[in-house]
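The answers set values against definitions.

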Amino acid sequence: MTQKRLLVYSPLAIWQPPILETQLEIVQDYADQGYQVTMLTCHAHLPTCEANPDHHWSVCTLCRSRAKAGFGWLRGRSFDVVDFLNVTSVQQERVDAIARTRVETIAELRALEVDGSDIGMAVLSTIVSSLRDPSPDMNTHRAAVAKTIRSAALVHFSILNHIDRLCPDVLLLFNGRVASLRPALRAGQASGVKTVVYEVGGAPDRYLMTMDTYPHDLEALKDVFNKIYDEALESPEEKARIAGSWYTARIANRVTHGSSFTEAQEVGRIPETLETNALRVGIFISSEDEFVAVDGWNPDVYVSQSEGIRQLLDAFAGRDGIQFVLRVHPNLTGLDNAQTRELAAI
């Protein structure tokens with residue numbers, strides 16, 4: 001019987017623990033099942049990445065050292081460690097040409113593709129996450145955008161070449177959202193390789209895996225959640241109680257894992273500007289930088305949340321006795337970006 005092969009794309013060993021540790025646990029499980037494992041790591045060949053945007057050599061050295069130490073924890077002899085960079089001279093010329101693409105607007109960046117791979121959306125996701133701004137100015141950040149485009153294009157061609165060379169049964173990578181990762185996901189999808197994408201959560205002993213898509217795919221998440229719910233042995237009443245206890249704990253700031261969004265609240269206090277005799281309409285918004293570069297999360301009715309608020313206020317401008325109350329998402333606390341400035345103007 002031919003030994004099955006797992007191809008692991010692992011360029012970010014220093015980024016946000018326990019990403020690497022979780023990956024190693026998954027890889028070990030495949031190795032224990034008899035898979036031959038090839039680890040694709042970064043030998044400082046990404047011009048920029050989410051863990052080291054300015055490509056400092058010291059950070060690259062630390063990242064490579066951490067990867068080496070982590071790979072050393074793996075048990076067995078069926079492991080190869082290879083540099084991810086693998087482009088032909090012709091492909092390098094294409095990478096250079098793509099990196100010279102002059103991007104003037106966010107729309108142009110969104111539309112940038114290479115052989116059907118949405119590297120522009122991946123680049124936008126990285127830039128937006130780095131700046132925490134859903135509408136970064138392309139001229140101001142032109143150099144960063146160009147470097148990130150180059151990185152994404154290198155990943156695109158390299159992973160396709162590795163897949164073509166190794167013919168893996170499974171491709172494993174983290175997240176699949178940003179510029180250093182999404183092109184690898186698209187390469188797996190384009191090649192028809194079973195692609196496993198994992199995501200870590202607030203608890204170090206829990207992670208999520210999606211097949212042939214990233215964990216931000218709403219339809220895929222819906223299927224995962226429904227499957228877990230349907231397979232749980234508890235009664236519907238007990239499931240409701242468990243779910244309710246989670247939300248109750250979050251409201252009361254009894255958070256076991258992850259961030260608390262209520263720890264800064266003063267219990268029972270409401271803004272002094274609330275009018276007691278008005279019909280109050282609550283508006284709850286999210287931080288747009290978290291989803292602006294992921295398909296399926298955009299508002300269905302309005303161009304943006306701020307535009308929706310404007311239109312809502314305009315529609316009721318001549319009506320008395322109504323007060324709109326905006327609850328700004330805690331992730332926007334202290335930020336000065338396009339969204340917070342629009343809200344301030346409103």
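Q: Which residues does Tyr-9 touch, not counting residues up to four places away in sequence?
A: Contact here means heavy atoms within 4.5 Å, and by that rule Tyr-9 touches Gln-23, Leu-40, Leu-46, Phe-84, Val-155, Ile-159, Leu-172, Leu-173, Ser-180, Leu-181 and Ala-184. This is a predicted model, in which local features need pLDDT of at least 70 and side-chain atom pairs count only at pLDDT 80 or more, while totals for chains, interfaces and linings use all residues. Residues are numbered from 1 along each chain as its sequence is written, and side-chain values use heavy atoms, with hydrogens and water left out.

Q: What makes a set of residues a nonpolar core, and which members of the largest one touch the most other members?
A: A nonpolar core is a set of buried Ala, Val, Leu, Ile, Met, Phe, Trp, Tyr and Cys residues joined through side-chain atoms within 4.5 Å, where buried means under 20% relative accessible area, exposed over 50% and partly exposed in between, with a 1.4 Å probe and protein chains only. The largest nonpolar core has 48 residues, and Leu-6, Tyr-9, Val-27 and Ile-159 touch the most other members. Elements that each supply at least two residues of this core include E1, H1, strand E2 (36-41) and helix H6 (142-166), and the largest share, seven residues, comes from H1. Apart from this core lies another, of 22 residues, among them Ile-119, Ala-152, Val-292 and Ala-293. In soluble globular proteins, nonpolar side chains tend to be buried together.

Q: How is the lining of the second largest cavity divided into nonpolar, polar and charged residues?
A: Ala, Val, Leu, Ile, Met, Phe, Trp, Tyr, Cys and Pro count as nonpolar, Asp, Glu, Lys and Arg as charged, and the others, Gly among them, as polar. The second largest cavity, with about 70 Å³ of space, has a lining that includes Tyr-9, Pro-11, Gln-23 and Phe-174, and the classes come to nine nonpolar, two polar and no charged. Strand E1 (5-10) and helix H1 (19-32) each supply at least two residues of this lining; helices (H or I, at least four residues) and strands (E, at least two) are DSSP runs, numbered from the N terminus.

Q: Which elements give two or more residues to the lining of the second largest pocket?
A: The second largest pocket has a volume of about 600 Å³, and of its 18 lining residues Gln-265, Arg-269, Ile-270, Pro-271 and Arg-327 are the closest to its centre. The elements that give two or more residues are E7 and E8, and E8 gives the most, with five residues.

Q: Why is Ser-304 called buried?
A: Its relative accessible area is 15%, and the limit for a buried residue has been given above, so Ser-304 counts as buried. Ser-304 is found in the loop between strand E7 (279-284) and helix H10 (305-315), where it touches Glu-288, Pro-299 and Glu-342, not counting residues up to four places away in sequence.

Q: Why does Cys-167 count as exposed, and why does Asp-212 count as partly exposed?
A: Cys-167 has 57% relative accessibility and therefore counts as exposed, whereas Asp-212, at 37%, counts as partly exposed. Cys-167 is found in the loop between H6 and E4 and has a positive phi of about 50 degrees although it is not a glycine. Asp-212 lies in the loop between strand E6 (207-211) and helix H8 (218-231), and its phi is near 60 degrees, a positive value in a residue other than glycine.

How values were computed:
On a 1 Å grid over the protein atoms alone, a cavity is a set of points where a 1.4 Å probe fits but cannot get out, and a pocket is an open set with protein on both sides within 12 Å along at least five of seven lines; lining residues have an atom within 4 Å of a point. Grid points are joined across faces, edges and corners, and a volume is the space filled by probe spheres set on the points.
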